[in-house]
Amino acid sequence: MFTGFRIITAALMLLPGIAAQAAVPSVATDIAPVQALVAQVMGNLGEPAVIVRPGSSPHGYAMRPSEAGALQQADAVFWIGPTLTPWLKDAVATLAQDASVTPLLEVAGTQVLDFRTNSLFGPQDHEDHDHVHVGHDPHAWLDPQNAQIWLGVIAERLSALDPEHAATYRTNAKAGQAGLVALEDELNQTLAPIRTLPFVVFHDAFQYFEQRFGLTPVAAIALSDASSPGPARIEMVRDAVRDLGVTCVLSEPAFNPAVVQTVIEGTDARTALVDLMGGGIAPGAAFYPAILRGIADELVRCLK
């Protein structure tokens, strides 16, 4: 029985279609937005794995055995880098030591912004001296121009591992880049009516989106790493909502909505739920654009 199984297995491995399939790299990604970009490049050739489940915060996460297994089996790993997921750094080094590893935040040409250490933005800046960060804000996928650059790099890294399908990777990347150019034009039009209207974000993760589209945030309840805000910071943001006439405060599904309710209590401000990780969006080619459209649509709804 086992001999026959071995003969059948050996024969199957000689089939051209299966041989081609075996040549496609196994790919692991850290978060769903990165998985979507890699999936755009791979097309029908393969499906990249994602480590952080959609809807979860990447800043602190406990990997499941299956997610660790995806890292261990990977020929290529694409991740934002340790600034976003410091807990993943050792796992990548240990489990994916033979893989091609690409920290996207370090890719040449990527627009990288420094952490903001202030509770309030603009003329009323107030630095949070209890919790100061040094380094780069890792939420860089919210700038579609960064995503364009990354698509090209992903295609080249996969092409180096799998030359047979290089033309497919590069064609898919170019199609994705063209789509992102059109998306940026679309979002500029969508957001134009609310560009000057002030709003508050839950955690300071949106500055790439804000700067790309010229928006007017005035405060963040929590810092970029989503660390819990203290009472003094919450009170300061609450005062800003009242004093600046803020009508919209963004909340996120991975964080406690009671904090947002505390900030808007006694004011006319509304809330809008946004998910920069794409929780609830179906996987596929439309996943990454849907994240940015979702943020834009919720901002417009909330501010208008």
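This is a predicted model: local features need pLDDT of at least 70, side-chain atom pairs count only at pLDDT 80 or more; totals for chains, interfaces and linings use all residues.
Biologist: How far apart are N and O where D204 and R116 meet?
Modeller: The side chains of D204 and R116 form a salt bridge with an N to O distance of 2.6 Å. The two residues come from distant parts of the chain, 88 residues apart, with D204 in the loop between β7 (198-203) and α8 (207-213) and R116 in the loop between β4 (100-103) and β5 (118-120).

Biologist: And D204 and R116, buried or exposed?
Modeller: Both D204 and R116 are buried, with buried taken as under 20% relative accessible area.

Biologist: How many salt bridges does the structure hold?
Modeller: There are nine salt bridges in the structure. One of them joins E156 to R170, where the closest N and O atoms are 2.9 Å apart. Because E156 belongs to helix α6 (residues 144-161) and R170 to helix α7 (residues 166-191), this pair ties together parts that are 14 residues apart in sequence.

Biologist: Why does E156 count as partly exposed, and what about R170?
Modeller: E156 counts as partly exposed because its relative accessibility is 39%, and R170 counts as partly exposed because its relative accessibility is 37%.

Biologist: What about D239 and R242, where do they lie?
Modeller: D239 and R242 both sit in helix α9 (residues 231-243), three residues apart, which is about one turn of the helix. Their side chains meet in a salt bridge with an N to O distance of 3.2 Å, and D239 is partly exposed, since its relative accessible area is 24%.

Biologist: Why does L187 count as buried?
Modeller: L187 counts as buried because its relative accessibility is 1%.

Biologist: How much of the protein chain counts as buried?
Modeller: Of the 304 residues in the protein chain, 49% count as buried. The accessible surface of the chain comes to about 13,800 Å², and 56% of that surface belongs to carbon and sulfur atoms.

Biologist: How many helices and strands are there?
Modeller: The protein chain has eleven helices and ten strands. As for how its parts come together, among contacts between residues at least 6 apart in sequence, 64% join residues at least 24 apart.

Biologist: How does the lining divide into nonpolar, polar and charged?
Modeller: The residues lining the largest cavity divide into seven nonpolar, six polar and two charged.

Terms used. Residues are numbered from 1 along each chain as its sequence is written. Side-chain values use heavy atoms; hydrogens and water are left out. Ala, Val, Leu, Ile, Met, Phe, Trp, Tyr, Cys and Pro count as nonpolar, Asp, Glu, Lys and Arg as charged, and the others, Gly among them, as polar. Helices (H or I, at least four residues) and strands (E, at least two) are DSSP runs, numbered from the N terminus. Buried means under 20% relative accessible area, exposed over 50%, partly exposed in between (1.4 Å probe, protein chains only). Contact means heavy atoms within 4.5 Å. Accessible areas come from the Shrake-Rupley method with a 1.4 Å probe; for residues, only the protein chains shown count as cover. A salt bridge is a side-chain nitrogen of Lys or Arg within 4 Å of a carboxyl oxygen of Asp or Glu.
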